[in-house]
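Student: Hi! Could you walk me through this one, starting with how the helices pack?

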Amino acid sequence: MKNVKLLTMQDLSCVGQCSLTVALPILSAYGVETCVLPTAVLSNHTMFKSWSYFDLTNEISNIFKEWENNGFKFDGFLLGYLGKKQLMDVAEECFDKFAKDGSKVIIDPVFADNGKLYGGFDTEYVKAMAKLLKRADIILPNMTEASFLTGVEYREVYDKAYVENMVQALTKITDGTIIITGIELGGKIGEVIYANGKYEYVFLEKLPEKYHGTGDIFASVFTANYLSGASLTDCCLAAGKFVADCIKKTDKKSHFYGVNFEHVLNNK
Ligand code: PXL
């Protein structure tokens with residue numbers, strides 16, 4: 001891979017195999033120079049029964065000042081869990097100050113799954129995220145996030161017509177490429193990719209277990225492949241296969257809160 005310098009903006013959950021603790025090792029292993037903008041430090045992710053949350057928004061202006069002093073620019077941006085509504089404006093400021101010509105912005109909105117908002121989020125957050133998505137070249141919502149963002153009713157069981165209606169609703173929010181992740185159709189799991197007015201579907205075998213943090217892993221592998229010039233289809237296939245391999249390496253009984261992606265990364 002040619003030298004690429006990516007900035008990933010998301011939280012640091014000290015325990016839980018998600019957000020920065022998966023993005024950093026995965027992107028680095030793929031040869032991407034990965035710079036980080038931590039939005040918050042949490043004791044652990046919010047699917048545990050309790051957590052602490054230290055918001056880093058106030059420190060970010062100091063960080064930006066020094067990045068400007070040092071003349072840093074990034075070839076790409078990957079955004080995941082931000083945490084607070086005010087970070088949307090910070091993200092826009094970040095693109096304005098630190099993008100180069102042609103830098104790509106990939107946003108996984110990360111605020112909901114399985115029909116529900118994650119703890120600590122509300123509709124104001126969703127509205128602010130919808131505004132931020134205008135700045136994206138690629139968005140990676142799951143079905144729940146797509147439903148909250150568009151107001152299209154959430155369904156657990158659906159067909160291609162429902163998926164494509166959801167995509168059309170998302171086109172009102174962003175001009176970027178739309179990829180809805182974790183679509184379940186015909187007993188398989190995959191993505192719909194909507195780019196240049198065309199739909200494409202990528203499906204893999206659906207595994208019975210669902211795990212936390214797999215969306216963050218998907219986004220990291222997707223981004224690494226995208227920055228190396230792979231097609232959107234190949235990026236989704238590589239990311240989907242990586243997630244499936246992680247799930248196969250994880251025993252839900254002894255490890256409920258994330259996947260053992262480390263074992264997959266070792267054999268890459
Ligand atoms: O995996 C998404 C994620 C990231 N960061 C934090 C989370 C979650 C999902 O719940 O709580 C802090």
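Predicted model: local features only at pLDDT ≥ 70, side-chain atom pairs only at ≥ 80, totals over all residues.

**Helices, folds and a few residues**

Tutor: Happy to! Let's start with a pair of helices: α1 and α7 cross in a right-handed way. Residues are numbered from 1 along each chain as its sequence is written, and side-chain values use heavy atoms, leaving out hydrogens and water.

Student: Got it. At what angle do the axes of α1 and α7 cross?

Tutor: Roughly 25 degrees, and the axes of α1 (residues 20-29) and α7 (residues 214-227) come within 9 Å. Axes here are lines fitted to C-alpha atoms, for helices over the stretch in contact, with angles from 0 to 180 degrees between N-to-C directions. That makes α1 and α7 roughly parallel. The cut-offs are under 35 degrees for roughly parallel, over 145 for roughly antiparallel, 65 to 115 for roughly perpendicular, and oblique for the rest.

Student: Which residues make the contact between α1 and α7?

Tutor: On α1, Val22, Ala23, Ile26 and Leu27; on α7, Asp216, Ile217, Ser220, Val221, Thr223 and Ala224. Contact means heavy atoms within 4.5 Å. By class, that contact has 7 nonpolar, 2 polar and 1 charged residues. For the classes, Ala, Val, Leu, Ile, Met, Phe, Trp, Tyr, Cys and Pro are nonpolar, Asp, Glu, Lys and Arg are charged, and the others, Gly among them, are polar.

Student: Okay, what about α3 and α4?

Tutor: The axes of α3 (residues 87-98) and α4 (residues 123-132) come within 9 Å, crossing at roughly 15 degrees. They are therefore roughly parallel to each other, and their crossing is right-handed. Met88, Asp89, Ala91, Glu92 and Phe95 of α3 meet Tyr125, Ala128, Met129, Lys131 and Leu132 of α4. This contact divides into 7 nonpolar, no polar and 3 charged residues.

Student: And how far apart are the axes of α2 and α3?

Tutor: They are 11 Å apart, and α2 (residues 57-69) packs against α3 at an angle of about 5 degrees. That makes α2 roughly parallel to α3. Thr57, Ile60, Phe64, Trp67 and Glu68 represent α2 in the contact, and Leu87, Val90, Glu93, Cys94, Lys97 and Phe98 represent α3. The classes there come to 7 nonpolar, 1 polar and 3 charged.

Student: Zooming out, how many helices and strands are there in the protein?

Tutor: The protein has 9 helices and 11 strands. Both are DSSP runs numbered from the N terminus: H or I with at least four residues for helices, E with at least two for strands.

Student: Nice. What share of the residues is buried?

Tutor: Of the 268 residues, 53% count as buried. Buried means under 20% relative accessible area, exposed means over 50%, and partly exposed is in between (1.4 Å probe, protein chains only). Also, among contacts between residues at least 6 apart in sequence, 67% join residues at least 24 apart.

Student: Can we do single residues? Where is alanine 112?

Tutor: Alanine 112 is in strand β6 (residues 112-113), and at 0% relative accessibility it counts as buried. Leaving out residues up to four places away in sequence, alanine 112 touches Leu117, Tyr118, Asn142, Thr144, Glu145 and Phe148.

Student: Last topic: phi angles. What is the phi of serine 19?

Tutor: Near 40 degrees, a positive value in a residue other than glycine. Most residues other than glycine have a negative phi. Serine 19 is in the loop between β1 (5-13) and α1, and at 1% relative accessibility it counts as buried.

Student: Then asparagine 196: buried or exposed?

Tutor: Exposed, with a relative accessible area of 78%. Asparagine 196 also has a positive phi, about 50 degrees, although it is not a glycine. Its place is in the loop between β10 (188-195) and β11 (198-205).

Notes:
Left-handed = near helix turned anticlockwise from the far one by under 90°.
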